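Visitor: Please walk me through a structure that is new to me. I would like to learn how to read its features.

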2 protein chains.
Amino acid sequence: MEETARKYELRDLDRIFNASSVAIVGASTNPEKLGYEILNNLINMGYEGPIYPINPKADEVLGLKAYPSLSDVGKPIDVIAVIVPGKFAPGVIEEAGRLGVKGAVVISGGFREIGNDDLEAAMVSAARAGGVGIIGPNCQGINYPANKLCISWPLIKCQGGLALISQSGTIAAALGDRAEKEDIGISGLVALGNRCDIDESDLINFFGADPSTEVIAVYIEGVKDGDKFMDVGRRVAKDKPVLVLKGGRTERGRQAAESHTKSIAGRGEIFDAALRKIGFEKVESIDELYDCSKVLAVEKKRPGRRVQVITSSGGSGIVAVDVLEELGLDVAPLSDSGRARLKEVLPSHCVVGNPLDLTGDTPAERYTEAVLALAEEEPGIDLYLLIFGDPIPRAMENCLEMKEAVDKPIIACYIGGGEVEEVEFKKMNGARIPTFPTPERVARAARSVLTG
Amino acid sequence: MEETARKYELRDLDRIFNASSVAIVGASTNPEKLGYEILNNLINMGYEGPIYPINPKADEVLGLKAYPSLSDVGKPIDVIAVIVPGKFAPGVIEEAGRLGVKGAVVISGGFREIGNDDLEAAMVSAARAGGVGIIGPNCQGINYPANKLCISWPLIKCQGGLALISQSGTIAAALGDRAEKEDIGISGLVALGNRCDIDESDLINFFGADPSTEVIAVYIEGVKDGDKFMDVGRRVAKDKPVLVLKGGRTERGRQAAESHTKSIAGRGEIFDAALRKIGFEKVESIDELYDCSKVLAVEKKRPGRRVQVITSSGGSGIVAVDVLEELGLDVAPLSDSGRARLKEVLPSHCVVGNPLDLTGDTPAERYTEAVLALAEEEPGIDLYLLIFGDPIPRAMENCLEMKEAVDKPIIACYIGGGEVEEVEFKKMNGARIPTFPTPERVARAARSVLTG
């Protein structure tokens with residue numbers, strides 16, 4: 001059995017994520033080491049408070065004055081990163097507690113995950129005694145762009161509405177990396193590691209109240225404290241969507257999860273029932289976790305189920321319609337007046353209907369003309385799903401123009417467009433038009449916005 | 001009802017794909033036009049036979065001597081691309097027939113897809129009379145890297161084992177573009193368009209016999225001639241895997257498919273039953289079509305269902321195990337001797353089992369050590385699924401080393417690895433180690449190799 005978790009107040013976590021100063025215990029001058037990379041990332045993130053590298057063998061690390069120990073800094077320290085071997089961690093945490101440090105991000109491994117339960121317990125005792133909140137140990141750190149606080153890798157600088165909380169550092173890094181490359185951005189990232197102290201519930205609570213967070217994406221293998229999770233979850237779910245991917249759904253997966261973070265992996269069905277009760281949404285894959293979070297970082301959930309598909313690629317439109325139908329959305333035919341109006345504004349070779357097929361030679365402007373006409377004639381449309389299925393420049397500018405004029409979500413797929421696609425894909429996501437690489441994925445994203 | 005399709009012999013299609021000379025009817029000097037882009041792609045593909053631009057208003061196009069008409073060329077022409085407005089196409093085909101042209105790739109639209117059935121019928125009559133095989137009309141062309149014959153866009157140069165046949169030009173382009181960017185390559189690509197003459201069955205037959213094709217990926221909305229499809233399919237399925245994504249599975253999707261290419265979209269269940277009878281495999285999404293084709297372009301299907309997962313990311317390993325289990329594969333525990341042997345060769349912090357978790361600090365060499373040890377101790381393993389869940393350099397070199405030593409498929413996921421990932425991902429695919437971006441997608445690919 002796991003011990004009962006302490007519950008962190010919002011102000012405790014706020015002091016960690018909004019830290020005014022940071023010390024890196026184990027900062028290294030060797031570019032091959034994590035103690036170098038993390039310090040380097042924190043500097044390159046543009047962190048504005050003082051940074052204190054702790055390294056007894058160096059005078060300076062990466063151009064910053066280094067100190068032999070935390071006590072030698074002689075100035076207030078809010079948060080420390082711990083990258084020294086695990087056996088030294090309890091001592092570091094004890095010293096940190098004495099100095100008034102609020103939080104420790106313990107990257108180091110060598111604890112419970114390899115059977116060293118006593119070492120982990122000693123560190124937790126020191127933390128509780130000194131009032132230090134621990135994230136980790138054995139974790140990939142935290143990132144909070146609002147405070148330019150990256151104590152993690154890879155470096156993710158782009159700020160957006162998506163908070164990532166993950167029991168797997170790699171899955172957090174992979175999702176954060178996508179959000180960076182696609183210009184979606186994150187509001188925060190936390191790799192939980194062994195979560196000996198601060199746990200998923202504390203973090204869901206924190207990001208639930210965090211003004212820059214619009215959606216919370218969670219990868220988890222088991223919940224540390226069920227009552228706390230239910231209690232926090234119910235409150236947060238009222239305000240913000242929380243999407244959960246659970247590792248260890250199958251029997252063999254569950255066994256693997258239990259040896260991964262030595263935590264109790266909940267039984268699949270019980271976990272699913274709990275999520276439903278709370279109002280969290282279960283997703284089935286890493287891609288789905290990312291895609292649904294990406295759209296909910298920009299678009300609020302809203303009632304409705306009618307989707308209008310507008311495409312330049314007939315085949316891609318059909319594939320989207322199939323998935324929308326299978327997901328229970330309504331790909332309703334146009335009204336007579338809607339059809340008549342579109343026939344007026346569009347060239348005769350366009351196939352007027354739902355999907356509306358503008359065909360392969362369409363310029364991006366024709367999408368705008370179609371959406372503006374439909375906005376007048378078909379007020380019942382709840383969401384526009386646009387497929388740019390060819391190299392179509394100016395897709396982003398046109399989407400922004402329609403978004404100005406239409407009070408409905410506009411999401412897109414950009415596919416088959418070679419070099420133009422690479423440019424437009426990133427531009428569109430950066431301009432907060434959630435854009436996906438296939439018709440299936442954009443259809444699933446539509447489902448996550450519309451509540452039926 | 002559709003007319004009964006003509007059946008093309010292999011030698012007819014061979015003369016088209018292995019054309020010794022090509023004329024581009026409608027070659028343009030304007031870089032904005034398709035008649036420029038296609039000629040440009042054919043040149044940049046490195047096509048070695050003579051290329052004849054046909055353009056009555058230019059002496060030269062893209063540095064090549066232009067001719068006012070096909071008849072003016074005065075030399076044998078095997079294949080023509082038709083990019084002039086549709087209304088001129090029947091005349092061009094008639095002229096081509098008189099000159100002994102074997103095949104015409106009709107890119108032009110303006111036929112049946114907009115209700116001009118008579119124009120299309122006139123073109124087909126001219127083709128039949130003159131012995132010209134038509135691909136299209138209203139299509140995105142063909143690409144056959146073995147003959148450096150790209151009469152299509154975008155330019156795809158990389159040759160591999162994957163043949164793409166698609167009723168959607170955009171879906172063909174999207175899949176071909178991925179295969180080019182990931183260094184997987186294609187053996188051929190055909191966008192069927194209205195398929196007024198040469199149809200999916202002819203092409204499945206051709207690529208079934210094509211020595212460079214290992215797997216055939218088909219996107220289709222309906223079959224042109226059911227008997228022909230069954231007949232050809234049964235023969236080809238004995239030799240090569242054929243994967244089929246059907247557009248128009250749902251009622252609304254089917255309606256859209258019928259207005260897309262004016263073809264009879266088969267009812268979902270009947271189509272599925274036919275595929276099973278033939279021995280083709282149905283897939284559910286564009287990503288699945290690509291992923292399964294990608295692995296089968298390199299690995300032969302084989303009996304067996306036992307998969308060994310080796311990972312540096314605990315969480316990603318668990319996600320893979322869940323999907324493998326859900327797909328009916330066997331993530332069997334290790335034998336006592338297998339466990340003992342791994343404990344000998346690996347550091348003590350590795351979690352020995354299935355998944356085998358090498359943990360985040362592992363170098364690529366440790367994967368090789370593990371695979372070589374397991375190859376001796378666990379002969380029952382049917383496939384190795386490797387997850388590189390961190391920035392791990394030299395993944396490709398190590399995979400090649402194990403592949404030399406082990407006679408089992410080795411497939412990989414590379415995730416969360418930042419810049420190193422981009423480099424290794426392409427290197428691995430280029431070295432014929434099929435590599436995927438998520439644990440779910442690599443697990444599905446494993447399923448498509450193992451026949452149970």
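The talk below covers confidence, a sheet and a chain contact.

Guide: This is a predicted model: local features need pLDDT of at least 70, side-chain atom pairs count only at pLDDT 80 or more, and totals for chains, interfaces and linings use all residues. Residues are numbered from 1 along each chain as its sequence is written, while chains are lettered from A and ligands numbered from 1 in the order in which they are written.

Visitor: What pLDDT does chain A average?

Guide: pLDDT is the predictor's confidence in each residue, from 0 to 100. Chain A averages 95, and 98% of the residues score at least 70. The model scores ipTM 0.94 and pTM 0.95.

Visitor: In what order do the five strands of the open sheet in chain A run?

Guide: Strands (E, at least two residues) and helices (H or I, at least four) are DSSP runs, numbered from the N terminus. Two strands pair if DSSP finds at least two bridges between them. In chain A the order is E2-E1-E5-E6-E7, with parallel pairing. The edges are E2 (51–54) and E7 (133–135) of chain A, each pairing on one side only.

Visitor: How many bridges join E1 and E2 of chain A?

Guide: Four, in the parallel sense; E1 of chain A spans residues 22–25. Among the partners, A:Ala23 bridges to A:Tyr52 in E2 of chain A.

Visitor: How many residues does each chain give to the contact?

Guide: Two residues are in contact if their C-beta atoms, placed from the backbone, lie within 7 Å. Chain B gives 50 residues and chain A gives 50. On the side of chain B that touches chain A, the largest share, ten residues, comes from H11 of chain B.
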